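Colleague: Could you walk me through this model, one feature at a time? I would like the general idea of each reading before the case itself.

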Amino acid sequence: MTALLIRDLRLAMRAGGGFGLGLAFYLILAVLVPLGVGPEGDTLALIAPGILWVGALLSCLLSLDRLFALDYEDGSLDLLATAPIPLEGVVTMKALAHWITTGLPLTLVAPVLGVLLNLPAAGFGWLVASLLLGTPALSVIGTFGAALTLGLRRGGLLLSLLVLPLYVPTLVFGAQAVVRGAAGLGTATPLLLLAGITAGAAALLPFASAAAIRINLR
Amino acid sequence: MASIWRYANPRKFMETSGWLLPGVSILAALCIATGVIWGFFFTGEDYRQGSTVKIVFLHVPAALMAINAWLMMLVASLIWLIRRHHVSALAAKAAAPVGVTMTLIALITGAVWGQPMWGTWWAWDPRLTSFLILFLFYLGYIALWQAIEDPDTAADLTSVLCLVGSVFALLSRYAVNFWNQGLHQGASLSVVDEGAPMDIAYRLPLYFAMAGFALLFIALLLAGTRTEIRARRMQALLTRERMG
């Protein structure tokens with residue numbers, strides 16, 4: 001399973017792997033929003049937590065359709081499905097690789113974009129904490145969406161329609177944690193719920209994703 | 001042995017549903033007509049809301065069925081995944097368009113009522129927001145059905161989506177509760193609480209409308225499932241013709 005993780009990471013890092021695209025998208029979004037909304041610092045401070053979280057969501061979405069597509073096309077997925085490791089494990093490793101190549105870098109650059117968006121100083125720590133807790137859930141849920149749309153030729157658009165509603169609870173709790181943190185309020189509740197969603201999704205969704213892949217490989 | 005699983009046989013289902021459908025449809029029409037006409041023309045006006053209160057006779061039943069249609073899809077999906085009865089998968093497929101329409105009716109009647117009462121067509125209230133999210137879930141479910149060509153694969157994948165979606169829809173419901181305080185009033189009806197804040201004069205026609213919408217859902221569901229079964233049979237006939 002470690003070998004699989006390293007393989008996926010290598011493939012993602014290689015040219016054309018799409019690593020960095022999500023990051024660039026995140027940056028562009030953080031630049032475009034002030035251009036659209038206007039440069040007033042107070043307005044930006046108000047919407048910064050939401051924009052940063054929605055941006056993280058969309059950047060995660062960007063690389064989801066490549067998650068299984070290449071392995072599906074060249075037949076490696078069939079081999080992985082018949083390999084001695086359970087398919088649930090394969091799916092979990094794929095989600096982990098996706099998180100390391102998108103969720104983790106997003107979390108790390110988010111404070112920089114927070115400066116661009118005039119996020120209140122108290123919010124930075126909570127931004128990183130909430131993204132660190134929440135982005136794994138985004139990857140795991142996204143893996144499920146990618147598994148559902150595996151066999152479709154033009155699955156990208158459908159994938160976003162399926163996955164984005166599933167992101168609602170994560171987004172709400174994540175952004176609320178930052179909003180409350182920035183306002184100096186208690187953040188324990190949203191962060192705990194966020195952690196709960198991530199833990200629950202990581203524990204249960206791989207079974208659903210693996211089931212969807214088995215159906216698609218039939 | 002008389003068991004509910006007899007109706008998993010498409011022929012038996014077609015027989016029984018063909019016999020049930022006209023009755024259920026007529027009963028649904030009667031109940032809705034009674035509830036709505038009684039509610040619209042023979043109840044007094046609320047002393048603060050005036051005549052706008054009467055939209056409740058459409059709004060509440062539609063909202064009720066919007067949620068129940070999803071629950072029915074969940075049960076049907078489970079039955080399909082566990083027992084592989086095709087009628088069940090087709091019933092789930094047929095329920096989705098009805099459910100999404102009910103959700104839309106609830107949202108639109110709510111907006112029409114909210115404009116004069118709350119002074120706004122739309123507010124990001126937890127109930128309103130969770131209905132909008134439910135609407136998105138329905139859209140995703142229907143889109144997935146339409147995107148996949150192989151009917152069995154489509155049934156399997158949509159069932160898995162329905163199961164996972166139910167959990168996340170429920171989570172979203174509580175998430176939006178946490179996210180914003182509500183403008184929407186609490187429940188006007190309660191099954192257990194006899195001291196419900198709604199007068200009996202309003203409650204009786206509302207019960208009729210609710211029964212009517214439930215029957216309407218059943219009628220549309222039966223009709224939709226019958227259409228799906230016929231489409232499936234036609235497909236089989238066409239395939240056989242092409243082979244032979």
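Modeller: Gladly, and let us begin with elements: helices (H or I, at least four residues) and strands (E, at least two) are DSSP runs, numbered from the N terminus. Chain B holds 6 helices and 0 strands, in the order α-α-α-α-α-α from the N terminus on. This is a predicted model, in which local features need pLDDT of at least 70 and side-chain atom pairs count only at pLDDT 80 or more, while totals for chains, interfaces and linings use all residues. Residues are numbered from 1 along each chain as its sequence is written, and chains are lettered from A and ligands numbered from 1 in the order in which they are written.

Colleague: What does the C-alpha trace of chain B span along its principal axes?

Modeller: The spans are about 70 × 40 × 35 Å.

Colleague: How should I read burial, and what percentage of chain B counts as buried?

Modeller: We count C-beta atoms, placed from the backbone: a residue is buried if 20 or more others lie within 10 Å of its own, exposed if 12 or fewer, and partly exposed in between. Of the 244 residues in chain B, 38% are buried by that count.

Colleague: And contacts?

Modeller: Two residues are in contact if their C-beta atoms, placed from the backbone, lie within 7 Å. In chain B, 77% of the contacts with a separation of 6 or more join residues 24 or more positions apart.

Colleague: How do I check the length of a helix?

Modeller: Compare its end-to-end reach with the expected span, which is 1.5 Å times one less than its number of residues. Helix H2 (residues 56-83) of chain B has 28 residues and reaches 39 Å from first C-alpha to last, close to the expected 40 Å.

Colleague: Which residue follows H2(B)?

Modeller: B:Arg84 does, and its phi is positive, near 55 degrees, although this residue is not a glycine. B:Arg84 sits in the loop between H2 and helix H3 (86-118) of chain B. It counts as partly exposed because 13 other C-beta atoms lie within 10 Å. In chain A, A:Asn118 also needs a look: its phi is near 60 degrees, a positive value in a residue other than glycine. A:Asn118 lies in the loop between helix H6 (87-116) and helix H7 (123-148) of chain A, and its 17 C-beta neighbours inside 10 Å make it partly exposed.

Colleague: Is A:Val33 buried or exposed?

Modeller: A:Val33 is buried, because 21 other C-beta atoms lie within 10 Å. Its place is in helix H2 (residues 21-37) of chain A. For contrast, A:Gly41, in helix H3 (residues 41-62) of chain A, counts as exposed because it has 11 C-beta neighbours inside 10 Å.

Colleague: How is a core defined, and which residues touch the most other members of the largest one?

Modeller: A nonpolar core is a set of buried Ala, Val, Leu, Ile, Met, Phe, Trp, Tyr and Cys residues joined through C-beta atoms within 7 Å. In the largest, with 138 residues, they are A:Ile141 and A:Ala212. Leaving out residues up to four places away in sequence, A:Ile141 touches A:Val163, A:Leu166, A:Tyr167, A:Ala201 and A:Leu205.

Colleague: Now the interface. How many residues of each chain take part?

Modeller: Contacts join 22 residues of chain B to 19 residues of chain A. On the chain B side, the elements giving two or more residues are helix H4 (126-147) and helix H5 (151-179), and H5(B) gives the most, with 13 residues. For classes, Ala, Val, Leu, Ile, Met, Phe, Trp, Tyr, Cys and Pro count as nonpolar, Asp, Glu, Lys and Arg as charged, and the others, Gly among them, as polar. The chain B side divides into 18 nonpolar, 3 polar and 1 charged.

Colleague: How do I read a helix pair across that interface?

Modeller: Axes are lines fitted to C-alpha atoms, for helices over the stretch in contact, and angles run from 0 to 180 degrees between N-to-C directions. Helix H8 (residues 155-166) of chain A and H4(B) pack at about 145 degrees, with axes 9 Å apart. From H8(A), A:Leu158, A:Leu161, A:Leu162 and A:Pro165 meet residues of H4(B) including B:Ile133, B:Phe137 and B:Gly140. This contact has 11 nonpolar, 1 polar and no charged residues.
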